[in-house]
Amino acid sequence: MTPIQHGISSPHKAPSPPLNAQSRHSGTEFGEEKTTSPSPPSIWQKIYRVLSYTPKRCRYDPANPPKFSIALNLLFAFAGAFTVANLYYNHPILHLLADQFNISNERASLIPTLAQAGYASGLLFLCPLGDVFPRRLYVLALVLFTATV
């Protein structure tokens with residue numbers, strides 16, 4: 001066993017100073033000692049803690065990684081297929097939309113063009129943010145934004 005596992009400090013590392021009364025208290029300008037206590041969490045910290053809570057059964061455990069079953073594979077396949085299919089549902093009825101809204105066929109062709117451009121921009125700009133922000137809060141924010149817009 002190493003010296004650190006036995007509780008012995010390493011000879012190459014300087015020992016940390018002991019925690020004494022002076023390090024727990026900060027003096028004021030008049031020489032009076034004032035105790036510093038941690039400030040209570042703000043309302044925003046409480047909201048963040050509630051929204052970012054992950055139940056224990058949903059937390060990643062390296063000793064027991066999630067299993068990617070055939071059922072989960074099929075679920076992802078159908079979800080991806082139906083998501084992308086939404087981009088193409090309007091193609092067969094573009095001429096009906098043009099007639100109904102009294103616009104030219106060229107103008108009606110902007111519908112699928114803008115839908116596909118929006119999908120591509122979401123993949124380009126929103127997907128990488130999943131690696132930057134906590135995913136649980138990010139997905140919650142995206143669903144809230146999508147539901148309210």
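This is a predicted model: local features need pLDDT of at least 70, side-chain atom pairs count only at pLDDT 80 or more; totals for chains, interfaces and linings use all residues.
The patch covers about 630 Å² and is made by Ile-43, Trp-44, Ile-47, Val-50, Leu-51 and Leu-140.

Leu-140 sits in helix H7 (residues 135-148). Its relative accessibility comes out at 41%, so Leu-140 counts as partly exposed; the cut-offs here are under 20% for buried and over 50% for exposed.

## Aromatic pairs

Now for the rings. You'll find three aromatic pairs in the structure. One of them joins Phe-68 and Phe-76, with 6.0 Å centre to centre and 25° between the planes, and that pair is stacked. How exposed are these two residues? Phe-68 has a relative accessible area of 53%, which makes it exposed, while Phe-76 has 49% and is partly exposed. The line between those two classes is drawn at 50%.

Phe-78 and Phe-82 are another pair: their ring centres are 6.1 Å apart and the planes meet at 20°. Planes under 30 degrees apart count as stacked, so this pair is stacked as well.

## Where Phe-78 and Phe-82 sit

Both residues belong to helix H3 (residues 70-85). What separates Phe-78 and Phe-82 along this helix? They are four residues apart, so about one helical turn lies between them.

Terms used:
Residues are numbered from 1 along each chain as its sequence is written. Side-chain values use heavy atoms; hydrogens and water are left out. Rings of Phe, Tyr and Trp (its six-membered ring) pair if their centres lie within 6.5 Å; planes under 30 degrees apart count as stacked, over 60 as edge-to-face and the rest as tilted. Buried means under 20% relative accessible area, exposed over 50%, partly exposed in between (1.4 Å probe, protein chains only). Helices (H or I, at least four residues) and strands (E, at least two) are DSSP runs, numbered from the N terminus. Patches are made of residues with over 30% relative accessible area and no salt bridge: like charges are joined within 9 Å, nonpolar side chains (Val, Leu, Ile, Met, Phe, Trp, Tyr) within 5 Å. Accessible areas come from the Shrake-Rupley method with a 1.4 Å probe; for residues, only the protein chains shown count as cover. A salt bridge is a side-chain nitrogen of Lys or Arg within 4 Å of a carboxyl oxygen of Asp or Glu.
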